[in-house]
Amino acid sequence: MPQATPDDVTFALDGADGCIAGARHRTSEFLARARSAHGVPVPARATDLAQLVVSELVTNALKYAPGPVLLRLGIADGALEIEVWDSDPTLPLARAADTGRVGQHGLEIVLAVVRGFEARREPVGKRITARLDLFDEVLPGLGRPDGRQRRRSQGE
């Protein structure tokens with residue numbers, strides 16, 4: 001049975017070389033600690049998707065906003081909450097799918113894999129919040145607030 005979820009963590013990112021890779025690594029470490037120290041059943045697939053979402057959101061923040069970026073990670077209601085704050089108040093918009101377009105598919109990718117997404121202006125800049133399901137099963141204290149049931153694959 002899972003124990004209390006780990007405390008939220010926040011990292012300041014300055015855009016230096018290796019910053020995005022560092023954000024992915026810190027995300028992996030946070031989820032590994034949730035699994036080992038708190039008993040949260042985080043499958044490898046969830047860790048991979050979390051690193052992808054963090055990479056896309058942090059890349060966009062560093063690319064389009066001047067100044068530092070903050071990354072906050074937390075676990076609530078069976079999901080990893082990924083928040084990215086930057087100093088640019090312009091809210092992102094997903095572009096229409098275009099197989100001929102090279103690049104600029106990051107937000108499309110994020111929206112395809114997360115349970116929830118919110119972009120809101122802050123007194124300074126904006127905050128993007130993405131919620132990524134960590135597991136499919138309903139677990140006591142970490143359940144699925146969206147009411148969806150776990151899908152069983154053939155052979156289970």
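**View 1. Leu71 meets its partner across a pair of strands.** In strand E3, Val84 is the bridge partner of Leu71. Strands here are DSSP runs of E with at least two residues, helices are runs of H or I with at least four, and both are numbered from the N terminus. E2 (residues 69–76) and E3 pair in the antiparallel sense through seven bridges; to count as paired, two strands need at least two DSSP bridges between them. Two residues lie between E2 and E3 in this hairpin, and Asp77 in the turn has a positive phi of about 55°.

A note before the next views: this is a predicted model, where local features need pLDDT of at least 70 and side-chain atom pairs count only at pLDDT 80 or more, while totals for chains, interfaces and linings use all residues. Residues are numbered from 1 along each chain as its sequence is written, and side-chain values use heavy atoms, with hydrogens and water left out.

**View 2. Strand E3 is covered on both faces.** Side chains in a regular strand alternate between the two faces of the sheet. In E3 (residues 79–86), eight of eight residues are buried, meaning under 20% relative accessible area with a 1.4 Å probe and protein chains only (exposed is over 50%, partly exposed in between). One side holds Ala79, Glu81, Glu83 and Trp85, and the other holds Leu80, Ile82, Val84 and Asp86. E3 also runs antiparallel to strand E5 (residues 126–133), joined by eight bridges, with Val84 opposite Ile128.

View 3. The largest nonpolar core has 32 residues, and Leu71, Leu73, Leu80, Ile82 and Leu134 touch the most other members. Such a core is a set of buried Ala, Val, Leu, Ile, Met, Phe, Trp, Tyr and Cys residues joined through side-chain atoms within 4.5 Å. Helix H2 gives the most to this core, with eight residues. Beyond its neighbours within four places in sequence, Ile82 is in contact (heavy atoms within 4.5 Å) with residues including Val53, Leu57 and Ile128.

**View 4. Asp88 is buried without a salt bridge.** Asp88 lies in the loop between E3 and helix H3 (106–113). Which side chain of opposite charge is nearest to Asp88? Lys126 is, at 4.4 Å, whereas a salt bridge needs a side-chain nitrogen of Lys or Arg within 4 Å of a carboxyl oxygen of Asp or Glu. The side chain of Asp88 does reach the backbone nitrogen of Thr90, at 3.0 Å.

Key. Lys, Arg positive; Asp, Glu negative; His and termini not counted. Polar contact = N/O pair within 3.5 Å; in protein donor to acceptor, adjacent residues only side chain to side chain.
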